[in-house]
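User: I have a structure open and would like to go through it with you. Could we start with the backbone and then move on to side chains and pockets?

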Amino acid sequence: MGSDASSAAVAAMEVLRAAVPVHPDADLVLTPGAAADGRGQVGLVLVDVSNGFCTVGAGNLAPVTPNKQIEKMVEEAARLAKVFCKRNWPVFTFLDTHYPDKPEPPFPSHCIIGSGEENFVPALEWLEKDPNVTIRRKDCIDGYLAAFEKDGSNVFSDWVAKFQIKTVLVLGICTDYCVLDFASSALAARNVGRVPPLEDVVIYSEGCATYNLPVEIARSMQGTLAHPQDLMHHMGLYMAKSRGAKVVDRIIL
């Protein structure tokens, strides 16, 4: 039965890719002089690369077993973060962080302050002390909304303005939730002049991941929707592209 389910999933993905293809945009070239050759500054945005979503067994929304897609995302996030910091290019990170008395329905309790789930994965812990990095803890899916302060200012918009960023490169988890929502809101804000001089939001497909909840498991969990990983990752990229984001599968350094 497992083999039949696997074959059916592969067939479904082939149909999906044919019906709603995600054609990658041109490779993103990040040379050391990119900001000075007329293309403008590039900023790196990492979304929720934390224990609560990425470290096996770390919490209700963490993978229960090792997951190749998530491992690849963490690896790429760490690799690119090191490149950006070495070149003194701006890095902005979101970390999902919640108070125990403020639930986020429909999700179970996750990334509670003090649990350790809300912190960077081990491969990125060094970012906490890097002066090149801006960290924003957020308590909702949409990082752009969570970046608003009580006075109406927006930490992400201020970061873009401070470094005169024209392109943001986005990596993280989940492709179809926090990554998609942030990209969509950032693009909407760009369209009404709220994040000058931002021009492009680029999502690196190999540096994003989502969770896996097969339908056969979801059926046994009342009120829970199935979430096949490859399918939903694909749809997250498709929806982001439909909102105006660029999607790349290769970055040239």
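User: Is C111 buried or exposed?
Analyst: C111 counts as buried, because its relative accessibility is 0%, and the cut-off for buried is under 20%. Please keep in mind throughout that this is a predicted model.

User: What is the phi of C111 like, and where does the residue sit?
Analyst: Although C111 is not a glycine, its phi is positive, at about 50°, and the residue is found in the loop between β3 and β4.

User: Which other residues have a positive phi?
Analyst: One of them is N88, which is not a glycine either and has a phi near 60°; N88 is found in the loop between α3 (68-86) and β3. Another is G193, which follows α6 and has a positive phi near 75°.

User: And N88, buried or exposed?
Analyst: N88 counts as exposed, because its relative accessibility is 60% and the exposed class begins over 50%.

User: Where are the cis peptide bonds?
Analyst: A cis bond joins P105 and P106, with omega at about 10°, and P106 lies in the loop between β3 and β4 (133-138). The peptide bond from I173 to C174 is also cis, with omega near 0°, and C174 lies in the loop between β5 (165-173) and α6.

User: Since α6 keeps coming up, how many of its residues are buried?
Analyst: Helix α6 is mostly covered, with twelve of its 17 residues buried; among them are T175, D176, C178, F182 and A189.

User: Switching to aromatics, how many ring pairs are there?
Analyst: The count comes to twelve aromatic pairs.

User: Which residues does the ring cluster contain?
Analyst: Ring pairs link F92, F94, Y144, F148, F156, W159, F163 and F182 into a cluster.

User: What lies over the face of W89?
Analyst: That is R87, at 5.1 Å from the ring centre of W89.

User: On to pockets, then: what is the volume of the largest one, and which residues are closest to its centre?
Analyst: The largest pocket has a volume of about 910 Å³. It is lined by 33 residues, of which N60, L61, Y211, L213 and H227 are the closest to its centre.

User: What is the lining made of, and which helix gives the most to it?
Analyst: By class, the lining has 21 nonpolar, nine polar and three charged residues. Helix α6 (residues 175-191) gives the most to this lining, with three residues.

User: Tell me about L61: where is it, and how accessible is it?
Analyst: L61 is placed in the loop between α2 (51-54) and α3, and it counts as partly exposed because its relative accessibility is 25%. In sequence L61 and F107 are 46 residues apart, while their C-alpha atoms are 8.4 Å apart in space.

User: How far apart are A218 and V170?
Analyst: Those two are 48 residues apart in sequence and 29 Å apart in space, C-alpha to C-alpha. A218 lies in helix α7 (residues 215-218) and counts as buried, at 5% relative accessibility.

User: And where is A245?
Analyst: A245 has its place in the loop between α8 (229-242) and β7 (246-248), and it is buried, with a relative accessible area of 5%. The C-alpha atoms of A245 and M232 are separated by 17 Å, and the two residues are 13 apart along the chain.

User: Last one: what does the UniProt annotation cover?
Analyst: The unreviewed UniProt entry carries the annotation "domain: Isochorismatase-like" for residues 44-212. In the model that span is 31% helix and 21% strand, and its end C-alpha atoms lie 26 Å apart.

Terms used:
Residues numbered from 1 in each chain as written. Predicted model: local features only at pLDDT ≥ 70, side-chain atom pairs only at ≥ 80, totals over all residues. Heavy atoms only, no water. Phe/Tyr/Trp six-rings, centres within 6.5 Å; stacked < 30°, edge-to-face > 60°. Lys NZ or Arg CZ within 6 Å of the ring centre and 35° of its normal. UniProt positions renumbered as here; feature names shortened; annotations may be inferred. Helix = DSSP H or I, 4+ residues; strand = E, 2+ residues; numbered from the N terminus. 1 Å grid on protein atoms, 1.4 Å probe; cavity = no way out; pocket = protein on both sides within 12 Å on 5 of 7 lines; lining within 4 Å. Points joined across faces, edges and corners; volume = space filled by probe spheres on them. Nonpolar A, V, L, I, M, F, W, Y, C, P; charged D, E, K, R; others polar. Buried < 20%, exposed > 50% of the residue type's maximum accessible area, 1.4 Å probe, protein only.
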